[in-house]
Amino acid sequence: VLARVDRVLSQTSQAQSPLVAEIGAALAAARADLDRRVSTVLAWDPDDAEAVAGRLTRGLTETVATALLLEQGFDDPRKALVALRYARRHLVGDGGWEDHIASVAARELLAYEPIDDSLAVKAAA
């Protein structure tokens, strides 16, 4: 699973999209945090490790989901916006993000209308 995340991360450096760059940065930070947390948990007593297993599993799930969404968004601005919304909500830890994506491109997203790069960048701003 983590090898798949790493492959997606390696592809982000080749992408020209600012959306992909932002998602890639959030994904890289989540991947590094996951490595740190797993290394720490492995050194713990099993009972203590079990106590944080749920949070660790959630972190793994959110990291992998972001990678899979990003992988789909490399060549599709619509899918990149979906991946960006997910990354902002689940990987960016401040919890205070403003969802301009929904206010700028909701109709296009919901109606599956065309979304070009310029609309995607405007919505992501």
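I started with Glu-108, which counts as buried at 13% relative accessibility (buried is under 20% relative accessible area, exposed over 50%, partly exposed in between, with a 1.4 Å probe and protein chains only). This is a predicted model, where local features need pLDDT of at least 70 and side-chain atom pairs count only at pLDDT 80 or more, while totals for chains, interfaces and linings use all residues. Residues are numbered from 1 along each chain as its sequence is written, and side-chain values use heavy atoms, leaving out hydrogens and water.

Next I checked the partner: Glu-108 makes a salt bridge with Arg-107, closest N and O atoms 3.3 Å apart (a side-chain nitrogen of Lys or Arg within 4 Å of a carboxyl oxygen of Asp or Glu). Arg-107 is exposed at 51%.

Then I looked up Arg-78. I found Arg-78 buried without a salt bridge, and the nearest oppositely charged side chain, Asp-76, is 5.0 Å away (Lys and Arg count as positive, Asp and Glu as negative; His and chain ends are not counted). A polar atom of the Arg-78 side chain does lie 2.9 Å from the backbone oxygen of Glu-108.

I moved on to the other salt bridges; the structure holds nine. Arg-88 pairs with Glu-22 at 2.8 Å between the closest N and O atoms. Arg-88 sits in helix α5 and Glu-22 in helix α2 (residues 18-42), so the pair ties together parts 66 residues apart in sequence (helices are DSSP runs of H or I, at least four residues, and strands runs of E, at least two, numbered from the N terminus). I noted Arg-88 as buried at 11% and Glu-22 as partly exposed at 33%.

Notes:
Polar contact = N/O pair within 3.5 Å; in protein donor to acceptor, adjacent residues only side chain to side chain.
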